[in-house]
Amino acid sequence: MKNILIVGGAGYIGSYMCKYLAKNGYHPIVLDNLVYGHRQAVKWGPFIAGQMADTKLLDQIFKEHPIAAVMHFAAFCYVGESVEDPGKYYQNNVAATITLLEEMLKKNIKNFIFSSSCAVYGEPVEIPITEQHPYNPINPYGRSKLMVEQILQDFRAAYGLEYVALRYFNAAGADPEGEIGEEHNPETHLIPLVLKTALGQRETINIFGDDYATKDGTCIRDYIHIDDLAQAHLLALDRLLNGLPGGQYNLGNGDGYSVKEVIEVARNITSKQIPAKIVERRPGDPAVLIGSSEKAFKELGWKPQFADLNAIVETAWQWHKTHPNGYPSN
Ligand SMILES: NC(=O)c1ccc[n+]([C@@H]2O[C@H](COP(=O)([O-])OP(=O)(O)OC[C@H]3O[C@@H](n4cnc5c(N)ncnc54)[C@H](O)[C@@H]3O)[C@@H](O)[C@H]2O)c1
């Protein structure tokens, strides 16, 4: 079984990736400092507690385990915080990533899969957003993702690193078997916030503006299930291990849902009222963000299985209902 190092593998998407890899004949090894992750979410391979920029630890890991590829999910992901404290974001998301890449290259590990984001595009100039869309990130979080992508390009040219950068739109949903779900603290994502309101843990769900130029006035976003993200990572991994060139791929549904639609779907699925309140727009929120994933369909052979919003919210609701307080010891 090939060892895959999952950096950030105790987090929401990385932990599910481990399950997906194990099911598909790989051996995931998790490195996570648990700043945001959950120890209880690491179940499908060894867990190593530590920093991705700890050169001694990386040296030890790479000596102990032959690593076929590294998947990199570790980042700070709060857009607002990145504006207030950009140094923290560039240090963790960019500087620490460079250290990780350099340690990999010292050991001749050259396959890398990076969790990038649609935030690299910024305010869209056309919808759906393709990989050719101009890059104009509007906050340090988005810029940190773009910087890493640019560094990856240079490392490919100079050192022969092979990589795939996967630009996720809004990751959502939970493990269809109920073992892994979304637990960010603080939570900022719409679907878990709506479901926490359904559970009575929040009084209302805030809708940030209902006067956008969209069908019902609320913002439209592209939601993508974590199982479909995991499938894309596996396809990207197989591509690199087969010696094919990497690249950048959008991972979205191609279909957008408005905030009001998400709340309505959640009301139907949970049979709860879910009180909602219209509040002021947030700065920097584009009206519509929808990605085209044609390139991933064609080149990776990606076939999303949970594209329907009902399936996304249904799996998330099953997890939130059975884990109202998150993972057991939290
Ligand atoms: N969730 C989304 O909608 C979304 C969208 C686009 C891109 N992404 C990207 O996907 C990745 C995973 O997102 P997530 O939602 O699972 O986030 P998450 O916070 O749940 O997981 C990130 C994990 O990385 C760990 N980590 C952070 N810095 C580390 C470091 N220096 N050393 C070791 N571990 C470290 C955290 O403890 C956490 O377990 C991130 O890179 C994020 O930017 C997420």
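Two strands are taken to pair if DSSP finds at least two bridges between them. Helices (H or I, at least four residues) and strands (E, at least two) are DSSP runs, numbered from the N terminus. The structure is a predicted model, in which local features need pLDDT of at least 70 and side-chain atom pairs count only at pLDDT 80 or more, whereas totals for chains, interfaces and linings use all residues. Residue numbers start from 1 along each chain as its sequence is written.

The protein chain is divided into domain 1 (2–172 + 223–251) and domain 2 (190–221 + 254–322), with bounds that come from an automatic or database domain assignment. A distance of 24 Å separates the C-alpha centres of domain 1 and domain 2. Across the boundary, 25 residues of domain 1 are in contact with 24 residues of domain 2, contact being defined as C-beta atoms, placed from the backbone, that lie within 7 Å. On the side of domain 1 that touches domain 2, the elements giving two or more residues are β7 (170–172), β10 (223–225), α7 and β11. Helix α7 supplies the largest share of this side, 7 residues. By class, the side of domain 1 that touches domain 2 comprises 14 nonpolar, 6 polar and 5 charged residues; Ala, Val, Leu, Ile, Met, Phe, Trp, Tyr, Cys and Pro count as nonpolar, Asp, Glu, Lys and Arg as charged, and the others, Gly among them, as polar.

An open sheet of 7 strands has the order β3-β2-β1-β4-β5-β6-β11, with parallel pairing. Its edge strands, β3 (47–49) and β11 (247–251), each pair on one side only. Neighbouring strands of this sheet are turned by 20 degrees against each other on average, direction ignored. Axes are lines fitted to C-alpha atoms, for helices over the stretch in contact, and angles run from 0 to 180 degrees between N-to-C directions. Strand β6 (residues 162–168) pairs with β11 in the parallel sense over 5 bridges, and Val164 has Gly247 of β11 as its bridge partner.

Helix α1 (residues 12–23) lies across β1 (2–7), β2 (26–32), β4 (67–72) and β5 (111–117), at about 160 degrees to β2. Helix α7 (residues 226–241) lies across β1, β4, β5, β6 and β11, at about 165 degrees to β6.

Helix α2 (residues 55–64) packs against helix α4 (residues 86–106) at an angle of about 35 degrees, the axes being 10 Å apart. The crossing of α2 past α4 is right-handed, that is, the near helix is turned clockwise from the far one by less than a right angle, anticlockwise being left-handed. Thr55, Leu58, Asp59 and Phe62 of α2 make this contact with Thr99, Leu100 and Glu103 of α4. The contact of α2 with α4 has 3 nonpolar, 2 polar and 2 charged residues.

A second open sheet, of 3 strands, has the order β12-β9-β14 and mixed pairing. Strands β12 (257–258) and β14 (288–289) stand at the edges with a single partner strand each, so one side of each is left without a neighbour in the sheet. Strand β9 (residues 220–221) runs antiparallel to β12 and is joined to β12 by 2 bridges, with Ile220 opposite Ser258.

The axes of helix α8 (residues 259–270) and helix α10 (residues 309–322) come within 10 Å and cross at roughly 55 degrees. Helices α8 and α10 are therefore oblique to each other; angles under 35 degrees count as roughly parallel, over 145 as roughly antiparallel, 65 to 115 as roughly perpendicular and the rest as oblique. The contact of α8 with α10 divides into 7 nonpolar, 2 polar and 1 charged residues.

Terms used: Two residues are in contact if their C-beta atoms, placed from the backbone, lie within 7 Å.
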